[in-house]
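Here is a short briefing on the pockets of one protein model. Start by looking at the sequence and structure below.

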Amino acid sequence: METAELGDIRGQVAEILEELAGAAGLKPGRLLVIGVSTSEVAGVRIGTGGAENIAAELFAGIDEVRQRHGFDVAFQCCEHLNRALVVERQVLERLGLTEVAAVPVPKAGGSMAATAYKRLIEPCLAESLEAHAGLDIGETLIGMHLRRVAVPFRPTLRYVGKARVNAAWSRPKLIGGERAVYTLPQSQDSRLCD
C-alpha cells in the first residue's frame, strides 16, 4: 500500500470504531473484540499477503478511539493459533480468562495479532472470551467471541482499505414471556405480581 493509503486506513478504522463505540456504549469495563485480515485490507485474499505496516496503522487508529472511551480490546489471532486473543494481562486476570501459551507472529497468529502483542503493555493470549462488541475487518469470523445476544451493526463506512467491515454489539437476553417487563413501571400498580 502507498503511504497515503496507509494514513487513510488509520482514519477509516477510527471513524468506524467511533461510530460503533457510540452505538454499543463502549466505556471502561467493556470489551471489544477485533478481527483483522491485513491481506484483505490490502486487496488480496485472506491469509495471502499479511502486512505489519497495515496492522500498525490499524492499531494506531483503534488505540486512539480506545483511549478516548476507555474500553478494553482483544485482538483475534488466525486459525493457526485456534483464534486465541491478544489481551492485556490485567484484562485476562480481571475477567478470569484462560491463558494459553504462544506468541503470535505474522505467519501463525496474523499480522494484526502480532502487532498488538508487540504494542500492548503486558500482552498475553486468552483462549476465548465473550466481548460486549466486535469489529471484523476482512470477514475473519469474530462471532465466536461475542456475548449473546449479538446485534448486527452496519457502520456508515463499510470498508477499511479494500476489506469489508462487519460489526456487532451485544445486549442482555430478554427473558420471560408476554407478561415480562423490561423497564420499571412509572407508578405502582396493584396488578403486579408479588
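How much space lies in the largest pocket? About 480 Å³. This is a predicted model, where local features need pLDDT of at least 70, side-chain atom pairs count only at pLDDT 80 or more, and totals for chains, interfaces and linings use all residues. Residues are numbered from 1 along each chain as its sequence is written, and side-chain values use heavy atoms, leaving out hydrogens and water.

**Terms**
- A pocket is an open set of points on a 1 Å grid over the protein atoms alone, where a 1.4 Å probe fits, with protein on both sides within 12 Å along at least five of seven lines.
- Lining residues have an atom within 4 Å of a point.
- A volume is the space filled by probe spheres set on the points, which are joined across faces, edges and corners.
- Helices (H or I, at least four residues) and strands (E, at least two) are DSSP runs, numbered from the N terminus.
- Nonpolar means Ala, Val, Leu, Ile, Met, Phe, Trp, Tyr, Cys and Pro; charged means Asp, Glu, Lys and Arg; the others, Gly among them, are polar.

**Largest pocket**
- Its lining has 24 residues, with Ile-46, Gly-47, Cys-78, Pro-106 and Gly-110 closest to the centre.
- By class, 7 are nonpolar, 14 polar and 3 charged.
- α5 gives the largest share, 3 residues.

**Second largest pocket**
- This pocket holds about 200 Å³ of space.
- Among its 14 lining residues, Phe-59, Asp-63, Arg-66, Glu-88 and Leu-120 lie nearest the centre.
- α3 (52-69), β2 (72-76) and α4 (89-95) each give two or more residues to the lining.
- α3 gives the most, with 4 residues.
- The lining divides into 8 nonpolar, 1 polar and 5 charged residues.
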